[in-house]
Amino acid sequence: MSKSSHTHSPRLFSSVKRMVLAAMMAAMSVVIGILCKNFLNFGGGMFRITFENLPILLAGIFLGPVAGGTVGLASDLISYLLSNQIYPPNPVVTLGACAVGVVSGVMAKYVVKTHGIRQIILSGITAHVIGSMIIKSIGLYAIYQWAVLIRIPLYLVISSLEIFLLCLLWRQKSFRYLFEKL
């Protein structure tokens, strides 16, 4: 099979390298999520200081929207199963995690196509607004009602820190090399 037929393949992962990177991103998100859900969880789960979306953003931006959404789905479900959360699984919150990966991937692949700081910032902001601030907040509204709106300023800070960390990583040549020839 020629190389060009692989680029338009309907498969989720077109290479072992992409699959391994996605699995690593999901594993990183799970570990970060579990640590944060268990140790930086305030207000019965409404307020969490967490950077679990950082690997999901990475997957979306550098591996594409389908891989980003898959990493978001897998990491949210697995971290829920392995953490001591007090509320039941919420499919809308899981949809929000998927949206972070999908939206960052769509922004990176179709809107801001050139890898770099601008792509990271615009993809990260859009993904967080839609996935974290809107969709996840809607999912948590059933539990916390209007108090959930307090999450929005918290996610403004968290998303800014995640985007800043991704920009710092992008400045490292070894990091760029990992994602450049995918």
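How many aromatic pairs does the structure hold? It holds two aromatic pairs, where rings of Phe, Tyr and Trp (its six-membered ring) pair if their centres lie within 6.5 Å. The model is predicted, so that local features need pLDDT of at least 70 and side-chain atom pairs count only at pLDDT 80 or more, while totals for chains, interfaces and linings use all residues. Residues are numbered from 1 along each chain as its sequence is written, and side-chain values use heavy atoms, with hydrogens and water left out.

**View 1. The chain as a whole.** The chain has eight helices and two strands, taken as DSSP runs numbered from the N terminus (helices H or I, at least four residues; strands E, at least two). Along the sequence these elements follow the pattern α-α-β-β-α-α-α-α-α-α. Of the 182 residues in the chain, 46% are buried, meaning under 20% relative accessible area with a 1.4 Å probe and protein chains only.

**View 2. The stacked pair of Phe62 and Trp170.** Phe62 and Trp170 form a stacked pair, 5.6 Å centre to centre with 10° between the planes (stacked: planes under 30 degrees apart). The pair links distant parts of the chain, with Phe62 in helix α3 and Trp170 in helix α7 (residues 151–170), 108 residues apart. Both Phe62 and Trp170 are buried.

**View 3. The edge-to-face pair of Phe62 and Phe175.** The ring centres of Phe62 and Phe175 are 6.1 Å apart and their planes stand at 80°, so this pair is edge-to-face (planes over 60 degrees apart). Because Phe62 lies in helix α3 and Phe175 in helix α8 (residues 173–180), the pair ties together parts that are 113 residues apart in sequence. Phe62 and Phe175 are both buried, and ring pairs link Phe62, Trp170 and Phe175 into a cluster.

**View 4. The crossing of helices α3 and α6.** The axes of α3 (residues 53–63) and α6 (residues 117–144) come within 10 Å and cross at roughly 125°, the axes being lines fitted to C-alpha atoms over the stretch in contact, with angles from 0 to 180 degrees between N-to-C directions. The two helices are therefore oblique to each other, a class left over once angles under 35 degrees (roughly parallel), over 145 (roughly antiparallel) and 65 to 115 (roughly perpendicular) are set aside. On the α3 side, the contact (heavy atoms within 4.5 Å) is made by Asn53, Leu57, Ile61 and Phe62, and the α6 side includes Gln119, Ile120, Ser123 and Lys136.

Methods:
Buried means under 20% relative accessible area, exposed over 50%, partly exposed in between (1.4 Å probe, protein chains only).
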